[in-house]
Amino acid sequence: MTEPPNKIQQMAQAASLVPSGARLAFGGVTLYRRPMAFALALLARHTQSGAPEDLCLQSFTSGLESDLLVAAGMVRQVRTCYFGLEAFGLAPHFTLAAERGWIEIREETEASIVFGLRATLAGVGFMPSKAWLGTDLLRLRPDVKRVHDPYSGEELVAFPAIDVDVAVLHALEADSTGNAVLGGNLGIDEELALVAETVIVTAERIVPRLERADIVGLSVDAVVEAPGGAWPTSCHPDYPLDGRAVLEYLDASSADQVDQLVRGWTDRQAPA
């Protein structure tokens with residue numbers, strides 16, 4: 001019997017799988033289970049080599065991990081239904097970049113993202129829905145068309161398929177072949193693992209065997225062991241949100257000292 005492939009990589013090696021111009025999706029939700037260690041490794045790679053750049057971030061929600069990349073000038077376009085820091089307020093660098101027109105913002109909602117991914121999963125160009133009817137969103141997104149149900153004649157909205165080049169998901173546990181347990185609050189991680197061309201899983205720990213899996217290893221290309229890899233966002237039940245660190249990030253952003261803070265965070269995430 002053929003042995004299953006070992007997909008374990010070092011963080012820097014996995015970060016090299018993100019090319020410039022990629023459509024990049026981060027798993028997790030708001031300030032929960034975000035792949036922060038990976039975002040820091042991607043930022044370190046960009047600082048050293050200038051790549052990747054010109055990224056399109058298209059996560060369900062975007063938070064601290066994405067704001068770091070916007071601050072570094074690595075992002076060309078953002079597609080998300082929310083970009084912020086929850087109770088801590090606005091994401092400072094995204095807000096500034098949006099106000100000054102430095103990045104392109106493609107308006108999305110929960111519905112448009114989910115139906116776009118469903119279309120990709122179904123192998124069709126769009127997925128119809130009643131969402132957005134009666135709103136001004138269609139004026140903001142001229143690429144989203146109206147269609148008529150061929151059976152009932154009812155007017156519907158045709159949400160275009162969403163393609164993802166690289167998805168990065170943070171898990172509680174994973175095995176060497178890519179099977180992974182995410183825990184609660186899955187967001188759209190399961191869907192991202194199925195639609196993305198390249199799937200990277202960072203995990204709090206790599207174990208010999210899992211009793212169950214939220215992500216099946218067949219769709220995963222790389223696995224990285226990253227204890228504390230979601231910090232300072234939470235990774236329940238392993239550790240809570242570090243609110244003090246988020247406040248320090250906001251203070252550093254207002255004082256133009258993010259580079260110094262990021263160096264400290266990167267050192268903390270580096271393997272012993």
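1. Glu-173 and Arg-205 form a salt bridge through their side chains, at 3.1 Å from N to O (a salt bridge being a side-chain nitrogen of Lys or Arg within 4 Å of a carboxyl oxygen of Asp or Glu). Because Glu-173 belongs to strand β8 and Arg-205 to strand β10, the pair ties together parts 32 residues apart in sequence. Strands are DSSP runs of E of at least two residues, and helices runs of H or I of at least four, numbered from the N terminus.

2. This is a predicted model, in which local features need pLDDT of at least 70 and side-chain atom pairs count only at pLDDT 80 or more, while totals for chains, interfaces and linings use all residues. Residues are numbered from 1 along each chain as its sequence is written, and side-chain values use heavy atoms, without hydrogens and water.

3. Arg-205 also meets Asp-238 in a salt bridge of 2.7 Å, N to O. Asp-238 lies in the loop between β11 and α8 (243-254), 33 residues from Arg-205. Arg-205 and Asp-238 are each partly exposed, at 31% relative accessibility (buried is under 20%, exposed over 50%, partly exposed in between; 1.4 Å probe, protein chains only).

4. Arg-23 pairs with Asp-165 in a salt bridge, with the closest N and O atoms 2.9 Å apart. This pair joins strand β1 (residues 23-26) to the loop between β7 (155-160) and β8 (166-174), 142 residues apart.

5. The whole structure holds 17 salt bridges.
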